[in-house]
Every structure is written in structure tokens, then in C-alpha cells.
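Please open the model in a viewer and keep the sequence panel beside it.

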Amino acid sequence: MNLTEELRSRVLLFDGAMGTVLYNKGYFLNACYEQLVLSAPAVIESVHGDYLEAGADVITTDTFGANPLRLASFGLSEQTEAINAAAVRLARQAVEKKQVRAFVAGDVGPCSFFRQPNRTANRTAVREAFRRQMSALAEAGADFFLLETFTRPDELRLAAETAAEFGLPILASFTPPGNTVSSDEVDEEGVLHFVSLLNEMDAVSAIGLNCGSGPAAVFSAAETAVRHTHKPLVVMPNAGLPKMIDGRLMYLTNPEYFTEYAKRYIAIGVRGVGGCCGTTPEHIREAAAAVKPLAHARVSVEVVPASAAVVKEPVPEAERSRLAAKIASGQKVTSVEMVSPGGTDLSPMLEKVKICHEAGVDAVNIPDGPRANSRISPMIAALEIERRIGIETVLHYCCRDRNLIGIQADLLGAAVAGLRNLLLITGDPPKLGSYPQATGVFDIDSVGLTQLVSQLNRGYDPAGRAIEPPTAFYAGVGLNPCAVNLEAEKEHFIAKVRAGASFCVTQPVFDPESLLSMIRWMKEEGVFIPVIAGVWPLTSYKNAEFMKNEIPGVVLPDELLHRMAKAKTKDEGLKEGVAIAREMVAAVRSETAGIQVSAPFGRADIALEVLGDLL
């Protein structure tokens, strides 16, 4: 396994703390936890096993302080090689016994630590200390070096330079500067200094953030780091700050809170998540349920048709649907997003759709299990809307709930039923919704799904078999012009365009310039496809806070939050929200193919008010 390739292809789940678990087992802080690999090997191996059972893809050797300078404070300097070799052996045994596929990270902490009596040890002594530890870890078979919890850039550079001598991949991780036990603040310039340093070091395969005062503070540092590095980023926060309770240090951040931030890290482009001080196998198990479903999503389903004669010329885009024809002609399109009901009565939804149709709206967007909650099948809802109301639908279709066979069956059925407009998305992991016990499938992601639809439009399926007649889907994809990791979003978008996307719909726009800048980039890069701008009318300050803090991919400027906060009544809040939405429409309408407005609480009247003279 190659660390960098794995991090780029899927999200890796790292393990949590070793010291916290040992402390909970009764080994107090005056013990040398690293020496337990020799004196209590079964205990250490069982901790590794618990993390592997919880779902960790990476387990970390019990060697954080196993360099001779730090071991000297326990009189154990001469055991440096033995401790590090035993630690790797125990980790490897745990992987083999659990019969799982996992990395063994050789853990290396700083030499300049508060328990290290010789804080002023010279550079040569520190380098030699690192060299002795790293040599033992490499010889014992560690898959890569994890340099973690460094607070001094010069020492991290020295550790990375030394690690490079051994030819193993290096994950270099630092604690966010300014973030201490007494402060939740993060020194952004300090973060940038570390990131810049590690970007320049070719031997460093990936960059990490770990420790700190908790998930929220480290998230701030991650937002900064992910914007300024092309290398994979791994985040491993503490479980908050410890409190002394009945003579024991306790971390009070629960696994659910930790997991919420694990999902947020991934949403901004972090490629590996795990835990530091205070985290346990329970934290990792909870996080695994949320992030594992996406970890194995395949990007591509590209196949070679069974015969060159199978490939058909796709139906021209303008002939695939009324929506496609209008966009192709340069006319502005309008759409209203409505969520299908959670019960079995479609009539209220149909009444609202009828209002939109009569007002002149071009299409109704129907999400597919948004926020991983179960509702009436969006495909059934779309069929009923088109059959009974006559307006076209844009059916959202996600990869979460069906394997490749089921996806193909649904798409062929949609084609037979006459549904033509699709919005292809990966989908939220089940852990986000009301059914955390459900499993996500994710045979493919949105790129692979777009590729599959493109193949069906050309007359063959993922097995290379002929489809007669070919489908004629007008396939759109999502776009987030305000993504924290904008470069990753652009790469993903290019992949979707190359896979065959015909148009895109954006996340709700609250920063028009970000969208306009993205459109300029699309044109400059030669990957422009028609853009339908998503607009969400805020209904209250509480709703604005929810959008800003809880909806992945949505960026809501503080200025708009302050405007919503001034509303004194419910009516004033709604009025201000509609005014903001209309400003967004006015700012982007000239550069986009149309506008999609969400109907908050299913209120079609609000959406129509936002669309105004576009109808």
C-alpha cells in the first residue's frame, strides 16, 4: 500500500490516543507508556486491536516518546531500539490477527518536550536521537513515519530531514500555533508558516494537524491549511480539554461531537481523520460509521464496449428535454426545489408544484434523500408530477443507497418512464440522517455516476453490453464555488465535465463573486457548461445560523448573518431573507443559464417571490 495514493483515492481513518486508553486502564502518568511494549505487550496489542475493530485504517505504534533523549528521563535510553522494534511488531501482529488491511505508522514525537530535562540539547544530539528511533522503526517494518505534535518548525524540519534518510513515506503533523490549553485561538500566520515549510520538503508525503484544544479549534487551522497545500491533509484533534474529576484526568468531548467535526473536516477536503489525546476506540468507531461509506467510493466505471459497433452517437442535448432545449437556445431557465413528503400523501406537494407550473416555472427539482433522511422515492414523485401536472422535473440521483446493478436498473426505468433531466450527486453518508444504523453503498461517486449515464446515452452499460435504444438523459452535476479547498473542487468538477456532464447546479449562493469567479475560471480552462445558480431564501436568523454552521458546502458571509440578526419578528426575518435572495439572483443572473430557488418549508410562494420577473 502507498500512503499518498491511498490518501488521494479515499479518506483514511486513523486511530485515536494510546495514552488515554492506557490511563483509563490504570497506568498513571508517572509510568513510561512506551516501555509497556516490553513489560505489558498484550495490553498494547489489545489497544491496537480495539482500534482496528472500530474501523481504523491506520494504527500508530506506541512510540511517541521513544527517542533516547526522552527515554533518558526514565533511565531507558539504552532500550530505544528494543522498544521501537517491539512496538512495530505488536502493531503488525494486531493487524494480522484481525485480518484487516491497515497501515502501521511509526510514531515519532518531538525531543523538545516538557519532560525532557535537556531542552537545550544541540542539533546534532537531536538528529542522532531521531535517527536511532527512526532506524529501529524502519527496520522493524513500519509502513510510514508519523511525525506528530511538533510545536517548533525547526525541530519538525530536522525530524523530516532525518526521516528522509530511510526512504519511507512521511506524514509530518504539527499542533496549531497559538492553540493551547488556555486558548482556543489559532495563529493563522503560524499555521501558514508550518504548511509552507512542509510544502517545500519533497520528502514529506502528507501534512497533518493534531492535538490542540479540541475539534472546533483545529477545524479553523484545517481550513487555513487545506487552502494552501497541494499535499493530502490529515487532521487528528484532541477530544477537547481534560478536566480533573475525582483525581483522574477526563476528556468530556463525546464521540458524537467528535464525529460531527470529522465529517466537517472531510467536507473541506481533509483526506485523513483520527484522534489525539482523549480519544478512544469509541470515538473512532462513531467516526467510522460516518466516514467509511465514502472511503471506498470508486470514481470511475469506464469500460470498453463489447464491440465498436455498440457505441451510438448521443441524442443532441437540445433534443433531450424542454429544459435542455431552453438552455441550448440561451434562454434563462427557472426551477424550484421541493422535497418529497415523508409520508404517503403526495397531494400537498402536487398542489405546490401546480402553483409553480401555472406561474411559469420551467422545472421542479426533487432531492434524493437529502441529509440522508428517508422520503417518498424521488423517482416516483417525479413521475407523478410529470404525469399529473405536466411540468418537467430534475431528478436528483445519488450513489449512497444502491449498488451498481440497482443504479443501472433505476436509470433504465427512468428512461422508459420518460424522465430526462438528472442531477447526479454522491449523496450524504447515512450517519448524517435519522438512520445511523443504515449502511451506505457508494459503489461509485458522482464522477462515476456521470460516466455511467454518459455510457448509457451512447448505447452501452458498465459491462460493455449494448443498450437499445440508448438513453437520452440531460445530466447535471453539483458545483460548490465557495468550497474551502477550491483546488480540489475544481479538479473534481473537471472530472465530472470530462465524464459527460451537460450542466451544473450550484450550492446556495450567498457570495456572488465566488460564483462569478468560478464561471470565469471555467471559461478560461475550457470546461464551461451551463450553470444554474442555487438560491436559498433565508427565513430567520436561526435558519441563517443553521445554514452557515450545519450544511456542508454552504458559505454564508457574516455580513448577511448580521442583517438577519436585525430582524425583530418572524415576518421581518422572512422579508429580509427574500431580499437577500433577490440580490443574489440579480448579481448572477446575467452570467448563468438560470436560477434554482429552494422552497423553504415547502412554501412555493416564497420561491416565486424570489424568482420575480424571471417568470
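The expected span of a helix is 1.5 Å times one less than its number of residues. Helices (H or I, at least four residues) and strands (E, at least two) are DSSP runs, numbered from the N terminus. This is a predicted model, in which local features need pLDDT of at least 70, side-chain atom pairs count only at pLDDT 80 or more, and totals for chains, interfaces and linings use all residues. Residues are numbered from 1 along each chain as its sequence is written, and side-chain values use heavy atoms, with hydrogens and water left out.

**Helix 11**

Select residues 255–267, which form helix 11. This helix has 13 residues and reaches 18 Å from its first C-alpha to its last, close to the 18 Å expected at 1.5 Å a residue. Which residues of helix 11 are buried? They are P255, F258, T259, Y261, A262, K263, Y265 and I266. Buried means under 20% relative accessible area, exposed means over 50%, and partly exposed lies in between (1.4 Å probe, protein chains only). Just after helix 11, G269 takes a positive phi of about 110 degrees.

Next, display the eight strands that form an open sheet in the order 1-10-7-6-5-4-3-2, with parallel pairing. Its edge strands are strand 1 (12–13) and strand 2 (58–60), each of which pairs on one side only. Two strands pair if DSSP finds at least two bridges between them. Within the sheet, strand 7 (residues 233–237) and strand 10 (residues 272–273) pair in the parallel sense over two bridges. Select V234 to find its bridge partner in strand 10, which is G272.

**The barrel**

Now turn to another set of eight strands, which close into a barrel in the order 11-12-13-14-15-16-17-18, again with parallel pairing. Neighbouring strands of this sheet are turned by 25 degrees against each other on average, direction ignored. Axes are lines fitted to C-alpha atoms, for helices over the stretch in contact, and angles run from 0 to 180 degrees between N-to-C directions.

Begin with strand 12 (363–366). A363 and N365 point one way from this strand, V364 and I366 point the other way, and all are buried. In a regular strand the side chains alternate between the two faces of the sheet. Strand 11 pairs with strand 12 in the parallel sense over three bridges, and the bridge partner of E337 in strand 12 is N365. Strand 12 also pairs with strand 13 (residues 392–398), in the parallel sense over four bridges; there A363 stands opposite E392.

Continue to strand 14 (421–425). Five bridges join it to strand 13, and the two run parallel. C398 stands opposite I425 in strand 14. Four of the five residues of strand 14 are buried, so it is largely enclosed by the rest of the structure.

**Helix 14**

Select residues 347–359, which form helix 14. At 1.5 Å a residue, its 13 residues should span 18 Å; its end C-alpha atoms are 19 Å apart, which agrees. The buried residues of helix 14 are M349, L350, V353 and C356. They cover an arc of only 120 degrees around the axis, which puts them on the same side of helix 14; the arc is that of the directions from the helix axis to the C-beta atoms. An α-helix has 3.6 residues a turn, so residues three or four places apart point the same way. What covers these buried residues includes strand 11 (333–337), strand 12, helix 15 (378–388) and helix 23 (604–611). Just after helix 14, G360 takes a positive phi of about 105 degrees.

**Cysteines**

How many disulfides does the structure hold? It holds zero, a disulfide being a pair of cysteine sulfur atoms within 2.5 Å. The sulfur of C398 is 6.6 Å from the closest cysteine sulfur, in C399, which is too far for a bond. C398 is buried, at 0% relative accessibility, and C356 is buried with a relative accessible area of 0%.

**Final stop: S598**

Select S598, found in strand 18 (residues 594–598). At 6% relative accessibility, S598 counts as buried. Contact means heavy atoms within 4.5 Å. Not counting residues up to four places away in sequence, S598 touches E337, V535, W536, P537 and A607. Its C-alpha atom is separated by 9.2 Å from that of V339, 259 residues apart along the chain.
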